[in-house]
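Please consult the sequence and structure shown here alongside the text.

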Amino acid sequence: MANNVKDYLGRVYRTNEFINTKEDQLNYLRDMSVKTTSIINASGVRNSSNENKKEIILCKIVDLEQDLLTEINTVIDLNKEVSGAIKRVEDPDYRLILECRYLNHLTWSNIAEQLGFTPQWVNVLHNRALKELEEKQII
């Protein structure tokens, strides 16, 4: 069952990664939209075909931005939910390790360094924290 708790807590990280991917896509599309220019033919008239293509790109950017806003709302809700569950853990070291890992997305070595523990001890405390979440059915 501890894996289910871990998976639940990891949803915040995975959703953040999904948002980062969407942001990369958005930046790519924005860069591409800037590169598109109107072509003026020999008579000095703009090519409306290129203008239509630019409008299509801009519409896609707006759609992607809407998707991104939806995902950001999801990650805010998940952060709030996970944070609430972590706050119910009694031991302050357990809480801190869970927050560092699942809300701040720190590596195990960074957590150990920050807390002044060995990585092995952080792992032991992390497993105990997961067990407490499971046993108390906090998640």
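A disulfide is defined here as a pair of cysteine sulfur atoms within 2.5 Å. By that criterion, a search of the whole structure finds 0 disulfides. The model is predicted, so local features need pLDDT of at least 70 and side-chain atom pairs count only at pLDDT 80 or more, while totals for chains, interfaces and linings use all residues. Residues are numbered from 1 along each chain as its sequence is written, and side-chain values use heavy atoms, with hydrogens and water left out.

Burial is expressed as relative accessible area: buried means under 20%, exposed over 50%, and partly exposed in between (1.4 Å probe, protein chains only).

| Residue | Relative accessible area | Class |
|---|---|---|
| Thr-15 | 12% | buried |
| Cys-59 | 48% | partly exposed |
| Cys-100 | 2% | buried |
| Glu-132 | 11% | buried |

Helices are DSSP runs (H or I, at least four residues), numbered from the N terminus. Thr-15 lies in helix α1, residues 2–35. Contact means heavy atoms within 4.5 Å; apart from neighbours within four places in sequence, Thr-15 contacts Glu-71, Thr-74, Val-75 and Leu-78. Glu-132 belongs to helix α5.

A nonpolar core is a set of buried Ala, Val, Leu, Ile, Met, Phe, Trp, Tyr and Cys residues joined through side-chain atoms within 4.5 Å. The largest such core has 29 residues, among which Leu-9, Leu-98, Leu-130 and Leu-133 touch the most other members. At least two core residues come from each of α1, α2 (48–87), α3 (92–103), α4 (108–115) and α5 (119–135). The greatest contribution is that of α2, with 8 residues. Not counting residues up to four places away in sequence, Leu-9 touches Val-82, Leu-98, Tyr-102, Leu-130, Leu-133 and Ile-139.

Which residues of α4 are buried? They are Ile-111, Ala-112 and Leu-115. These residues lie on the same side of α4 because they cover an arc of only 100 degrees around the axis, the arc being that of the directions from the helix axis to the C-beta atoms. The buried residues of α4 pack against α3 and α5, whereas the face turned away from the buried side carries the exposed residues Glu-113 and Gln-114. Just after α4, Gly-116 adopts a positive phi of about 75 degrees.
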